[in-house]
Amino acid sequence: MKKYLFIVAFVFISIAHSQNCSSKFFGNVHDFHDGSPILDASIYLETIDRYTTTDFDGNFSIENICDGTMTIVVSHLACETKRFEVHIKGNTKYDVTLEHHIEELSEVKIEGKGPAKLTKTSQETHLDTKMIEQYSSLSLGDALKQISGVSSINTGNSIVKPIINGLHSSRIIVMTNGVRLQDQEWGIEHAPNIDLNTAGNINVIKGSNALAYGGDAIGGVIVLKPSNISLKDSLYGKTILSGQTNGKGFNINSVLTKTYKEGWYVSVQASMKQFGDFKAPDYYLTNTSSNFKGFSVNGGYKTFEQGFNIYYSFLNNEIGILRSSHIGNIEDLVNAINSQQPLVIDDFSYDINAPRQDVTHQIAKLDFYNRFKNFGRFELQYNYQNNERFEYDIRVGGDKNKPAIDLTLKTHTIKASLKMDSNENAIYEFGFNGGYQNNFANPDTGIRRLIPDYDKFDAGMFAIANYKLNTKTDADFGVRYDFIRIDAKKFYQTSRWDERGYGDDFADIVIDDLGTQLLTNPIFDYHNVSASAGLAHKFNNKHTLIFNYGLSNRAPNPSELFSDGLHHSAARIELGDLRIKQETSNRISSTYQYHHSNLTVSLEGFYNHIKDYIFIKPTGTEQTVRGAFPVWSYEQTNAALFGFDITVKYYFNDNWSFSNKSSFIKGRDLNESEALIDMPSFKTMNILGYSNEKWFQLNANLQSELVLKQNDFPNNNFEVFIPSTGNMEFVDVSSTPPTYHLLNFESDITLDVSEKTNLNIGLNITNIFNTSYREYLNRLRYFADDLGRNIMLQLKFNY
C-alpha cells in the first residue's frame, strides 16, 4: 500500500511541475460605439477566483496563472455584463467591448420606468406601464386622453379615435411594435385596431417631426412598444381581471414571458373583453354591446450586438352601433335631433345587432438588427397586415345578414434603417421603406361600393442628424421624401360623373362606357417632401426651452378621393373629389419646461398652417329610393390651427400632490374666415392625489374634468322638405352641446402574496354624480347622452 501511494503522489507532483503556471492574461476593455477605453471595468477569472480592474487606458493584466480554459466575467457600472470562456496558453491577449450607453441599456431592463424620449426637440409625452394597465379594459384613445393636447373623436363609447392638437385619422401615424398600422384609418367611425394590452410603453409625439416613422404625420405619431425584455433566465407574467357596472362587462388579459440569459425570449399574450348595452344616466343605450378578442406572440433573440424578432398579433372587434342612430332618411334625423331621448330604448342586453361592425386585424412581422463596432446599428424589417372590415346595416329579407360594406385591405412593407452613433455628439440615421397595398371591396354586398378596389404603391427615404452642441444644447435636422401611387378601378354613375363635372378633367381615365355607368381607372402619383429642425437648450437644472419646425405633406386617402354613395353606418351620403390635392403643413412649436424639487411645469404652444386642408362637411340633401339623406362632401381650404397645452404638477409633501392638464385650440378656415368643423373644446383637468407606501402602497386620485361649450364652429345647418308634414324643416347639425363637468375617482393598493407575487387592487369611478352630458366630438351626440356613472374593480397579479 505504501508503494502504491508513493507512485500516485509522484505522478501528481510530476504533472504539477510539467504544467505552465506563469502565463499572463492581458488585454483592453473599450466602448463598443466609439472604441474609447473604459476605466475601472472588472475582469473576473471565475475559474480561479481572481480579478483585476482596467486602468485609465482600459488595459488590464493578470499574471502567474496556469494554462487551460478559463471562464471570464467582464462587468462595469451601467454596462451589459459579458461572460465567456478563453483558452489560456502562455501570454494570452484578449480585447473586450462593452456597451457604455445607458439609453441603449434601457431596452434590456424588465418593465423599468420606460425608455428615454424618442426625440430630444419635439413635444413628446410618455405613458408608462402602470398607466396603460389602468386602462386595460378600455381603448387606446381613452388612455391617450390623459395627455394634455390629446382628445378623441368618437362614434359612441367603443369607437374612439385619438386627436392630437385638433388632427386625427390619416394625419396621425400609429406604430405598434415597429409596424405602422394600416387599418383603413380614414373613417371617423374606424377606431385604431390596437389591443392596448400589447403595449408596455407609449410615446406620443406631437407634430410631424418624427420623420423616421413617416412624412405625412401632420398631427403626430403614437408609438407603442412592448414591455422590455430582461437578459437572464427567468419566467414571469401578469394577469389583469376587471369588472364594471356600466355595461355589466368584464375584461381579462394575461401575458407570460420566458427569457434566457443567452438572449432568447418568447412572450405570449391574450385578452378578452365583453360588455352589454351601456347606460346613460337616464336610459340604456340600446345595441351598444361589444366583444373584443386578442392574441399575440412575440419572440426572438436579443443581445446588444445583434438579434431578431418575430411578432404576430390577432385582434377581432365586434361593436354594436347605437340603434337609434340608424336613420332611414332625413325625416328620421330631424326627429332624432328634436327628441330629448333616443327613439329606440330597450331593456339591457348583450346582443349585438345591426347596425354593427365586425373588424379583424392581423399583423405578422420579422426584423433583424446588427451592430457594427465603432460604427452603428443596421435594422431590416418586413411586415404584413390583413384588415377585414364588415359593416352591417339594418336590412330585411335575404340580405338581412349580408354586410353593407365588405372591405379587405392587405399591406406588405419592407424597411431598412442605419443609425450611425459611434460619436455621441453627432448621430446620423438613414432609412428606406417600400410598400404595396391592395384594397378589395366585395361587390356581393348588393349595395353600391363606397370605396373602390385599388392598389397603392409607396416608397420613402429619410436622413436625420442629431447634434449635441454642448452639455446644454441639442439640435436635430431631418429631411424625407415619399412617393405614392394610387391605382384604382371605380364605377361612376353617369349622372354623378356629369354632376361633378369630371367629363372635362378626367375623360382620359374612362375605360368602359356602360350607358348608365362608367368604368374608370384613376391613377394618381404624389411626391411628398418633409423636413424638420429642432433645438433644445437646458439653461440649468430648472429651466429648459425647446423650439421646433416641421414641414409635412400628406397625400389624400382613398376615401377623400373616391367616396361615392350612402355610408350606411354613418347614415349619410359621402362624396369624395378626384381633384383633391395633397396637404402641406408648416408647423412651428415651442416648449418651456420647469423642474424643481416639488414642482414641474410644461407649457407647449404651436401654430400649424395647412395649405389645401382636406375636410368633410354637410352640403345638403339628396333623394334616394329610401328617402332623402344628408350629403357630406370632401373639400379643401387653407387652414390655421393654433393653441397651447399646459401640464403642472406640485407636491405638497411626500403624500399629497396636485396636478393640472389643460388644452386650448382654435382651428380657422382662412379662405372663408370661419371656424373649422370638429375642433376640440377647451378642456381642463384638476387632480388631487394622495399616496402612502406604508399603507399597502396606496394611491388615490380625485379628478375634476371641465369641458367648455364649443362656441367657435361653422354654420352648416340647412332646411329640407318633409313629405309627411308638407313643411320645410330646419335641420340643426352644427349647434354644440353645453359645458359639462365630471368628477372621477381612481385608487389602488398592492399586497404581497408571496416572495415573487403581488396583487394590485384598483377601484375606479367615472362620472361619480351620474351627470347627463353630450360631447361635441361624439358623432352620436344627436341621438343620445354620453355614459353615466361607472364603477370598475380591477385585480392585477404580477408573478
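So, which residue lies over the face of Phe-26? That's Lys-24, at 5.0 Å from the ring centre. By "over" I mean that NZ of Lys or CZ of Arg is within 6 Å of the ring centre and within 35 degrees of the ring normal. Arg-377 does this too, sitting over the face of Tyr-369 at 4.1 Å from the ring centre.

Quick housekeeping. This is a predicted model, so local features need pLDDT of at least 70 and side-chain atom pairs count only at pLDDT 80 or more, while totals for chains, interfaces and linings use all residues. Residues are numbered from 1 along each chain as its sequence is written, and side-chain values use heavy atoms, leaving out hydrogens and water.

Okay, rings. There are 26 aromatic pairs in the structure, where a pair means ring centres of Phe, Tyr or Trp (its six-membered ring) within 6.5 Å. One aromatic cluster is made of Tyr-492, Trp-497, Tyr-502 and Phe-506.

Next, the holes. Searching the whole structure turns up 15 cavities of 30 Å³ or more. A cavity here is a set of points on a 1 Å grid over the protein atoms alone where a 1.4 Å probe fits but cannot get out, and its volume is the space filled by probe spheres set on those points. The second largest cavity holds about 400 Å³. Its lining, meaning residues with an atom within 4 Å of a point, comes to 26 residues, with Arg-572, Trp-632, Val-733, Arg-779 and Tyr-782 nearest the centre. By type, that lining splits into 18 nonpolar, four polar and four charged; Ala, Val, Leu, Ile, Met, Phe, Trp, Tyr, Cys and Pro are the nonpolar ones, Asp, Glu, Lys and Arg the charged ones, and the others, Gly among them, polar. Strands S34 (599-624) and S35 (627-651) each give at least two residues to this lining. Strands (E, at least two residues) and helices (H or I, at least four) are DSSP runs, numbered from the N terminus.

Now some backbone. Ala-354 and Pro-355 are joined by a cis peptide bond, omega about 0°, and Pro-355 is in the loop between helix H5 (330-338) and strand S21 (356-372).

Ser-673 has phi near 55°, in the loop between strands S36 (656-669) and S37 (674-675). Asn-767 is at about 55°, in the loop between strands S43 (758-766) and S44 (790-798). Buried or exposed, then, for Asn-767? Buried, at 3% relative accessible area, whereas Ser-673 is exposed at 59%. The cut-offs are under 20% for buried and over 50% for exposed, partly exposed in between, with a 1.4 Å probe and protein chains only.

Methods: Phe/Tyr/Trp six-rings, centres within 6.5 Å; stacked < 30°, edge-to-face > 60°. 1 Å grid on protein atoms, 1.4 Å probe; cavity = no way out; pocket = protein on both sides within 12 Å on 5 of 7 lines; lining within 4 Å.
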